[in-house]
Protein chains: 2
Amino acid sequence: MTGRLTVVGLGPGSPDQITPEVSAALAEATDVVGYGPYAARAPARPGLVVHASDNREELGRARRAIALAASGRRVVVVSSGDPGVFAMAAAVFEALEEIPDPDSLDIAVLPGVTAMLAAAARIGAPLGHDFCAINLSDNLKPFALVEARLRAAAGADFALALYNPRSAARSDGFGRVLAILRESCGGERLVVFARAVTTPEETIATTTLAEARPEMADMRTIVLIGNSQTRRVGRFVYTPRSAP
Amino acid sequence: MTGRLTVVGLGPGSPDQITPEVSAALAEATDVVGYGPYAARAPARPGLVVHASDNREELGRARRAIALAASGRRVVVVSSGDPGVFAMAAAVFEALEEIPDPDSLDIAVLPGVTAMLAAAARIGAPLGHDFCAINLSDNLKPFALVEARLRAAAGADFALALYNPRSAARSDGFGRVLAILRESCGGERLVVFARAVTTPEETIATTTLAEARPEMADMRTIVLIGNSQTRRVGRFVYTPRSAP
């Protein structure tokens, strides 16, 4: 029996944003591996084994998935959004470096609708021009690097999508991020806080850097920062395609 | 009769990457508006009016879609990939600024799998850490701004996704882009050329900046540039989640 490891993105929340190929992979899986709340989004059926784990255990989860696939199981590793954006795909390849013949495994990555694009769609087109995606979690990198990237991106007038802006363990970092952005971009710059997009708990608020407060974000929030041209039209926010 | 304007992303090519909500919007449409090859991807059915137009006519297309929706039609504007990434959503909001009461129209944007994430998935997880997306087309911005953004992104060690690297009208610009990146990142940096991802014409090639040549890309190619940590494992390319 030949095993298979498929790393999939479930989109940000709504089943209406799960691609058909991801649904098909889930329908054929023997095992689903993922962070508890994401693993719970795989449709349950008799015989499907769900391996749910905690948030900080990406590498252990990846090793377990590889071992299951190597033993002949059809394993689907689930991420919210897209698996290649601050999610499980990189962890799986990190773990794959530990095995002797990585190409002996049947591995595929199936993309998904990443949270920043779902959030952008709900409010208009704030990422309609060049943009950067930055993970604000400093578990895996020094805050000095986050700061250097924020300043580089703001200095070159990129729009920004900020993932994982805030957690209980990092209550002050996002305040520093907002202060850096206010200094680099000015107070009038538009900011969108998009929480739990496409779920029943969705909230979306548009404000400015001058008015933005750290407590407007939590770990379920994506923060979008416009570039210098980003503007409102009616209830929407968008970034024009052209730059001066 | 109340019209509706829905701006959707069809994903990069395969029907298996079109989300259910986008398929539902297409099934309910009276009119589909888009660049010819993308409009042709909407499933044909009796009564569906397809308004296909040329590549450079985004704003005219957006105005036509708004006029149709205002007249009571259920209009779907199609983009390849995600509509908010270098695609039709920003053009629709630009056109929306021209009408007196933008909030009188029923407008929604439905996200899709954008080309850079589909391309990344096919080769592993090259965008697994902070990254920037840059549209290399200089139709709507000066090349000096493209260069400034490339240098800022490379200087802060972002991975990069480059859209629209090359066209017949811009045969030399991409060579300059590669030269700038070689200067900023060094010749060993990994580069992925992903063409026509998820279509029968798909080709994916991994090389280095030292070996990369402008003619490896055309307008159907997404170019992914790794950061300083990006590496190969087996047949895959990925960027680790952590940074030094």
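This is a predicted model: local features need pLDDT of at least 70, side-chain atom pairs count only at pLDDT 80 or more; totals for chains, interfaces and linings use all residues.

Biologist: Okay, so how many residues does helix α7 of chain A have, and how far does it reach?

Modeller: Helix α7 of chain A covers residues 173–185, which is 13 residues. From its first C-alpha to its last it reaches 18 Å, close to the 18 Å expected.

Biologist: Which of the residues in α7(A) are buried?

Modeller: The buried ones are A:Gly173, A:Phe174, A:Val177, A:Leu178, A:Ile180, A:Leu181 and A:Cys185. If you look down the helix axis, these buried residues fall within an arc of 160°, so they line one face of α7(A).

Biologist: What do they pack against?

Modeller: In chain A, they pack against helix α6 (143–155) and the strands β8 (159–163), β9 (190–195) and β11 (221–225). Just after α7(A) comes A:Gly186, with a positive phi of about 85°.

Biologist: Where else is there a positive phi, say in a residue that isn't a glycine?

Modeller: A:Asp157 is one of them, with a phi of about 60°. You'll find A:Asp157 in the loop between α6 and β8 of chain A.

Biologist: Is A:Asp157 buried or exposed?

Modeller: Buried. The cut-off for that is under 20% relative accessible area, and A:Asp157 has 17%. Over in chain B, B:Ala196 has a positive phi too, near 50°. B:Ala196 sits in the loop between β9 (190–195) and β10 (203–208) of chain B, and at 5% relative accessibility it counts as buried.

Biologist: Let's switch to sheets. What's the strand order in the five-stranded sheet of chain A?

Modeller: The order is β3-β2-β4-β1-β5, in an open sheet with parallel pairing. At the edges are β3 (49–53) and β5 (107–110), each with a single partner strand, so one side of each has no neighbour in the sheet. Neighbouring strands are turned by 20° against each other on average, ignoring direction.

Biologist: How many bridges join β2 to β3 there?

Modeller: Five, and the two strands run parallel. For example, A:Gly34 stands opposite A:Ala52 in β3(A), and A:Val33 stands opposite A:His51 in β3(A). Three bridges also join β2(A) to β4(A), again running parallel. There, the bridge partner of A:Asp31 is A:Val75.

Biologist: How many residues of β2(A) are buried?

Modeller: Four of its five, which makes β2(A) mostly covered. Helix α3 (residues 58–70) of chain A lies across β1 (4–9), β2, β3 and β4 (74–79), and runs at about 175° to β2(A).

Biologist: What's in the loop between α3 and β4 of chain A?

Modeller: A:Arg73 is found there. At 28% relative accessibility, A:Arg73 counts as partly exposed. A:Arg73 and A:Ala29 are 44 residues apart in sequence, yet 8.0 Å apart in space, C-alpha to C-alpha.

Biologist: Now chain B. What's the strand order in its five-stranded sheet?

Modeller: In chain B it's β3-β2-β4-β1-β5, an open sheet with parallel pairing. Four bridges join strand β1 (residues 4–9) of chain B to β5(B), and these run parallel. B:Leu5 stands opposite B:Ile107 in β5(B). Helix α1 (residues 20–28) of chain B packs on this sheet, touching β1, β2 (31–35), β4 (74–79) and β5, and its direction makes about 140° with that of β1(B).

Biologist: And helix α5 of chain B, how many of its residues are buried?

Modeller: Eight of the nine residues of α5(B) (residues 115–123) are buried, so this helix is largely enclosed by the rest of the structure. Among them are B:Met116, B:Leu117 and B:Ile123. Just after α5(B), B:Gly124 takes a positive phi of about 135°.

Biologist: Last topic: how many residues does the largest nonpolar core have?

Modeller: It has 52 residues, and A:Leu162 and B:Leu162 have the most contacts inside it. A second, separate core of 45 residues includes A:Leu127, B:Ile123, B:Ala194 and B:Val197.

Biologist: What does B:Leu162 touch?

Modeller: Leaving out residues up to four places away in sequence, B:Leu162 touches residues including B:Ile134, B:Leu150, B:Phe174 and B:Ile225.

Notes:
Residues are numbered from 1 along each chain as its sequence is written. Chains are lettered from A and ligands numbered from 1 in the order in which they are written. Side-chain values use heavy atoms; hydrogens and water are left out. A nonpolar core is a set of buried Ala, Val, Leu, Ile, Met, Phe, Trp, Tyr and Cys residues joined through side-chain atoms within 4.5 Å. Buried means under 20% relative accessible area, exposed over 50%, partly exposed in between (1.4 Å probe, protein chains only). Contact means heavy atoms within 4.5 Å. The expected span of a helix is 1.5 Å times one less than its number of residues. The arc is that of the directions from the helix axis to the C-beta atoms. Two strands pair if DSSP finds at least two bridges between them. Axes are lines fitted to C-alpha atoms, for helices over the stretch in contact, and angles run from 0 to 180 degrees between N-to-C directions.
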